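Student: I am new to this structure. Could you pick a single part, take a close look at it, and then show how it sits within the whole?

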Amino acid sequence: MQAIRVDDLTKTYTTYKRDSGFAAALKSFFRREKVTVNAVDGVSFTIEQGTVCGILGPNGAGKSTTIKMLCGALFPTSGNIDVLGFSPARDRAKYVHRIGAVFGQKSQLIFDIPPIDSFVMNKAIYGISDDEYKKRLGEMTEMFGVGDVIYKPTRVLSLGERMKCEFIMSMLHAPEIVFLDEPTIGLDVIAKNKIREVISEMNRNGTTFILTTHDLEDVEQLADNVIIINHGKKVFDAPLEKLKNTLGSRKMIDLTLAKPFPGSEINGVPVTAGDDELHISLEIDVGERSITEFLSTLASYAEFTDISVKSLPMDAIITRIYTE
Amino acid sequence: MRYIKIYLTCVRIAFSQAAAYRTDFILGNVITLLSNILFPLVTVVIYANGAEFPGWTMWEVLLIQSVFSMSNGLSAMLTNGVLWVTFDHIREGSFEIVLLKPLPPLFYLMAINFSTGSLGHFAGGLVLTIVSALNSGADACGIPAFLLLFAAGTAVMCGLDLIMAAISFKWVGNSRIPEIFDSISEFGKYPLGIFPKPLRILAAFVIPVAVVGFFPASALLGRSESYMLLAVIPCAVFLAFGIWLYNRMIKRYEGVGG
C-alpha cells in the first residue's frame with residue numbers, strides 16, 4: 001500500500017547573488033542580482049507503507065527541500081504530494097499529527113531545560129493520554145538507553161544523547177511515517193548504531209521511514225529503497241539491491257605490492273593509487289572480461305604480497321551516479 | 001479546552017525555562033519592577049519644578065503612564081516573544097520546527113514564548129495604576145470603559161508585535177524595526193491634547209497608540225469623550241490585521257539550504 005505519492009514536484013526559490021569584498025557589498029546594497037534556483041525540479045516517486053526509503057544526493061541536491069515539502073513545512077511551487085491521503089502543506093495541522101520528523105541540524109528540544117519537559121509539552125500538544133505517554137516514554141528511553149539523560153538540561157547533553165532525545169520527542173505520539181533529515185550527522189559509531197537499531201525495530205513494528213543522509217552505512221543497513229536526487233532531479237529510484245547491482249559487474253581489486261609499480265595500467269586496466277606507493281587498486285568490469293584470466297596474468301605484471309577482490313563500495317557507486 | 005491545556009502547559013514550561021537561570025530570572029524581574037517604579041520620576045520632577053502638562057495633575061499623568069506600562073507588560077507576555085523568535089527562526093531557516101506541530105503556528109509560538117520576564121513589567125504597572133488611581137480621584141463608574149479600552153490598547157500592542165514579526169518573513173534580519181514602533185507607541189504615554197491635531201488623529205485612529213495609555217486612563221478618571229470608544233474599532237482591526245498578515249506570511253516561508 002502506498003504511503004507517499006509525489007508527482008512532478010517542483011520548488012523554485014528566488015535568491016540574491018553578490019561577489020565578495022566591500023565594493024560588491026556596497027553595490028549589492030543598491031542593486032542586487034536576482035537568481036532563480038530550481039531546488040527541486042519535476043521529481044516524482046512513490047513510497048510503500050512500512051518500508052525505509054533512503055533519499056541520497058550531494059549537498060544542495062534538493063533532498064532537504066523535498067523532505068520539508070513532504071512534512072508540510074514548505075509549499076511546493078508546483079506538483080502534487082499525497083501522504084496518507086493528505087496534501088501536507090494544505091492540510092498541515094491535521095497531517096502533522098500523523099508524522100514525526102527529526103532534523104539532524106535543527107533541534108526540537110528546549111535548550112535550557114531537561115528533555116523530559118519538552119516531552120511533557122509534546123504530550124499536551126499531541127493530546128497523548130497519561131497511560132500511553134508513560135508506556136511510550138518507558139519503551140523509548142529503554143530502547144535508547146537514556147533513562148537518566150532525559151532529566152539533565154539539554155544544553156549539557158552530548159550530541160549523541162541529544163539526538164536520541166530528539167528521536168523520542170518526535171516519536172512519542174506514535175507517528176505512522178517518520179522523516180529523518182541527516183539523523184546521524186556528527187555522531188560516533190556507537191550512537192549511530194543505537195539509532196539504526198531503534199529505526200529497524202520501529203520499522204519492524206510498521207513505521208515507515210524516509211531518510212536523507214550522507215552516511216551510506218545508514219542506507220546499507222536500513223533502506224529498502226533508494227532515491228537519488230542531483231541538481232533537483234531524480235536520477236535513481238529503485239530497491240537497494242538494484243543500486244548495488246547498478247555497477248555490480250565491476251569489481252575492485254586491491255593489491256599490496258612487494259615493490260612500487262611504475263605503470264599507469266596493468267593488462268589494459270587503469271591503476272588507481274592507494275594510500276601509498278605499495279597500495280594500488282584496479283577496477284575491472286567482469287562482464288566484459290574474465291576475472292580468472294585477469295588474475296592468472298596479474299602476477300606477471302606486478303609482484304604483490306596481498307590481494308583482495310570485492311564489489312565496488314557504495315560510495316563509489318553513488319559518486320558514479322552523481323557524476324553521470 | 002485542549003488549547004487552554006496546551007497553553008497552560010507551555011506557560012509552566014516557560015517558567016521552568018526562566019527558572020533554569022535562577023539569578024537571572026530574579027534579577028531580571030526585580031530590575032524590570034524597579035525601572036517601572038522609577039520611570040514616572042521624570043513626570044514627578046517636571047511637576048516638582050512647577051511645570052505641568054496643561055490641564056492634567058501629576059497623579060493623572062502618572063495614571064496614564066502606569067496604564068501604558070501595564071498594557072505594554074501584558075502584550076509583551078503574550079506576543080513579544082513571538083516577534084523575537086520569528087526573527088531568529090527566519091534568519092536561521094528553522095521555522096519548520098514550528099510548522100511540525102499540529103497547532104496554528106501563531107498559537108504555538110505565543111504559548112511556548114510566554115514572556116515570564118514581562119511579569120515584573122505588568123506587576124509594576126498594576127501597582128502604579130492602583131496608587132495613581134487612588135491619588136487622582138478615579139471614578140469606579142469608569143471601570144467598564146477602562147477595561148474595554150485597556151483590552152483594545154493591549155490588542156494594538158499585540159497587533160504591532162505581530163505585524164513586525166510578519167514583516168521579518170520578507171525582510172530577514174530587520175531586528176531594529178521594533179525601535180520605530182517603540183518610538184511611535186511613546187505617544188500613548190502622554191495626554192493627547194499636548195500634541196498637534198494631525199498627530200492626535202494619527203495616535204487615535206491610524207496607529208491607535210493613544211488607546212494604550214491615554215484613553216483607558218481618561219475613562220477611569222471620568223474624562224473620556226465619546227470618540228474614544230470609537231477607537232476600539234481600529235484597535236480590533238489592528239490586531240486582526242496582525243494575525244492575518246502573520247498567517248499570510250507563513251506561506252512565504254522558504255527556509256534556508258538544508
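Tutor: Of the contacts in chain A with a separation of 6 or more, 71% are between residues 24 or more positions apart. The model is a predicted one. Chain A has eleven helices and 14 strands, and its C-alpha trace spans about 75 × 55 × 45 Å along its principal axes. Of the 324 residues in chain A, 37% are buried.

The part for a close look is helix 6 of chain A, residues 159–171. From its first C-alpha to its last, this helix of 13 residues reaches 18 Å, close to the 18 Å expected at 1.5 Å a residue. A residue counts as buried here if 20 or more other C-beta atoms lie within 10 Å of its own.

The buried set runs through Gly160(A), Glu161(A), Arg162(A), Met163(A), Lys164(A) and Cys165(A), and also takes in Glu166(A), Phe167(A), Ile168(A), Met169(A), Ser170(A) and Met171(A). What do these residues pack against? Their partners in chain A are two strands, strand 5 (99–103) and strand 6 (177–181), together with helix 4 (115–126), helix 5 (130–144) and helix 7 (189–204).

Next, the wider setting. The domain assignment divides chain A into domain 1 (48–65 + 89–245) and domain 2 (248–323). The centres of these domains, taken over C-alpha atoms, are 39 Å apart. Eleven residues from domain 1 of chain A and seven from domain 2 of chain A take part in the contact between them. On the domain 1 side, helix 8 (216–222), strand 8 (225–230), strand 9 (233–239) and helix 9 (240–246) of chain A each supply at least two residues. Helix 9 of chain A gives the largest share of that side, three residues. By kind, the side of domain 1 that touches domain 2 has seven nonpolar, two polar and two charged residues.

Technical notes
Residues numbered from 1 in each chain as written. Chains lettered and ligands numbered in written order. Predicted model: local features only at pLDDT ≥ 70, side-chain atom pairs only at ≥ 80, totals over all residues. Helix = DSSP H or I, 4+ residues; strand = E, 2+ residues; numbered from the N terminus. Expected span 1.5 Å × (residues − 1). Buried ≥ 20, exposed ≤ 12 C-beta atoms within 10 Å, placed from the backbone. Domains from an automatic or database assignment. Nonpolar A, V, L, I, M, F, W, Y, C, P; charged D, E, K, R; others polar.
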